[in-house]
Amino acid sequence: MDAPARILALLAAYRATHYEVFLPDGTSATIHVGQPPPHAVATWLGAAPFAAFLTACNPHSHALPEEENRQRLDALRRRLQANACRLLDGVGHLPGETWHEPSLLVAGLTFADVDALVREFDQNAVVIVHAHGVARLRLYRPEWHAVAGYADDLEWA
């Protein structure tokens, strides 16, 4: 069970994180929780109603060695490629910090698919990038609800 202070600190970090996506044309775009997707990301989404910024690294926000995180992300990538999803490489990072977490922006999944993957890879949350709305944190830790409550930038799985 996470202490309330840790939950609040993690939510603040998730909200402050820059979710950078590497686009097919060699440029990048940054997704921010609570903001609409950058034009290039919205264009990439096409007809998809949403994309998920997923990772398999650092389960439940506990740091793992780089090699273990790489193996976990490779396993996630294989699962997504087997489902014929569209995906882009990305990285989550906090400006001015050394922490960088490799991730994938994925279109073509259902919410049920996203939920199953997030739970399988033991993640606390995922960023859902809505094509016609704002990016929101989708939370998977029901015990956090008493601390986090409801907010415009949160949704509960």
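**Figure 1. Overall view of the predicted model and its surface.** The protein exposes about 7800 Å², and 56% of this area is supplied by carbon and sulfur atoms. The model shown here and in the figures below is predicted. Of the 157 residues of the protein, 46% count as buried. The C-alpha trace spans about 40 × 35 × 35 Å along its principal axes.

**Figure 2. Secondary structure and chain packing.** Five helices and eight strands make up the secondary structure of the protein. Their order along the sequence is α-β-β-α-β-α-β-β-α-β-β-α-β. The radius of gyration is 15 Å, close to the 15 Å that the globule rule gives for 157 residues, so the protein is as compact as a globular protein of that length. When contacts between residues at least 6 apart in sequence are taken, 59% of them join residues at least 24 apart.

**Figure 3. Close-up of the largest pocket.** The largest pocket holds about 430 Å³ of space. Its lining has 26 residues, and the closest to the pocket centre are Tyr14, Ser61, Trp99, Glu101 and Gln123. At least two lining residues come from each of helix H1 (4-16), strand E3 (50-54), strand E5 (100-107) and strand E6 (125-130). How does the lining of the largest pocket divide by class? It has 15 nonpolar residues, ten polar residues and one charged residue.

**Figure 4. Close-up of the second largest pocket.** About 170 Å³ of space lies in the second largest pocket. The lining consists of 13 residues, and those nearest the centre of this pocket are Cys57, Glu66, Asn69, His100 and Pro102. Helix H3 (66-82) and E5 are the elements that give two or more residues to this lining. H3 gives the most, with five residues. By class, the lining of the second largest pocket divides into six nonpolar, three polar and four charged residues.

**Figure 5. Asparagine 58, a non-glycine residue with positive phi.** The phi angle of asparagine 58 is about 45°, although the residue is not a glycine. Asparagine 58 sits in the loop between E3 and H3.

**Figure 6. Aspartate 122, another non-glycine residue with positive phi.** Aspartate 122 has a phi of about 55° and is not a glycine. The loop that holds aspartate 122 lies between helix H4 (111-120) and E6. The relative accessibility of aspartate 122 is 32%. Partly exposed is the class between the limits of under 20% for buried and over 50% for exposed, so aspartate 122 counts as partly exposed.

Figure 7. Which residues does leucine 11 touch, not counting residues up to four places away in sequence? They are Leu137, Leu139, Trp144 and Ala148. From leucine 11 to alanine 125 the C-alpha to C-alpha distance is 9.3 Å, and the two residues are 114 residues apart in sequence.

**Figure 8. Leucine 8 in helix H1.**

**Figure 9. Threonine 43 in helix H2.** Helix H2 (residues 39-45) includes threonine 43. With a relative accessible area of 52%, threonine 43 is exposed, because the limit for that class is over 50%. Threonine 43 and alanine 131 are 88 residues apart in sequence, and their C-alpha to C-alpha distance is 8.8 Å.

Terms used:
Residues are numbered from 1 along each chain as its sequence is written. This is a predicted model: local features need pLDDT of at least 70, side-chain atom pairs count only at pLDDT 80 or more; totals for chains, interfaces and linings use all residues. Side-chain values use heavy atoms; hydrogens and water are left out. On a 1 Å grid over the protein atoms alone, a cavity is a set of points where a 1.4 Å probe fits but cannot get out, and a pocket is an open set with protein on both sides within 12 Å along at least five of seven lines; lining residues have an atom within 4 Å of a point. Grid points are joined across faces, edges and corners, and a volume is the space filled by probe spheres set on the points. Helices (H or I, at least four residues) and strands (E, at least two) are DSSP runs, numbered from the N terminus. Ala, Val, Leu, Ile, Met, Phe, Trp, Tyr, Cys and Pro count as nonpolar, Asp, Glu, Lys and Arg as charged, and the others, Gly among them, as polar. The radius of gyration is taken over C-alpha atoms; the globule rule is 2.2 Å times the number of residues to the power 0.38. Buried means under 20% relative accessible area, exposed over 50%, partly exposed in between (1.4 Å probe, protein chains only). Contact means heavy atoms within 4.5 Å. Accessible areas come from the Shrake-Rupley method with a 1.4 Å probe; for residues, only the protein chains shown count as cover.
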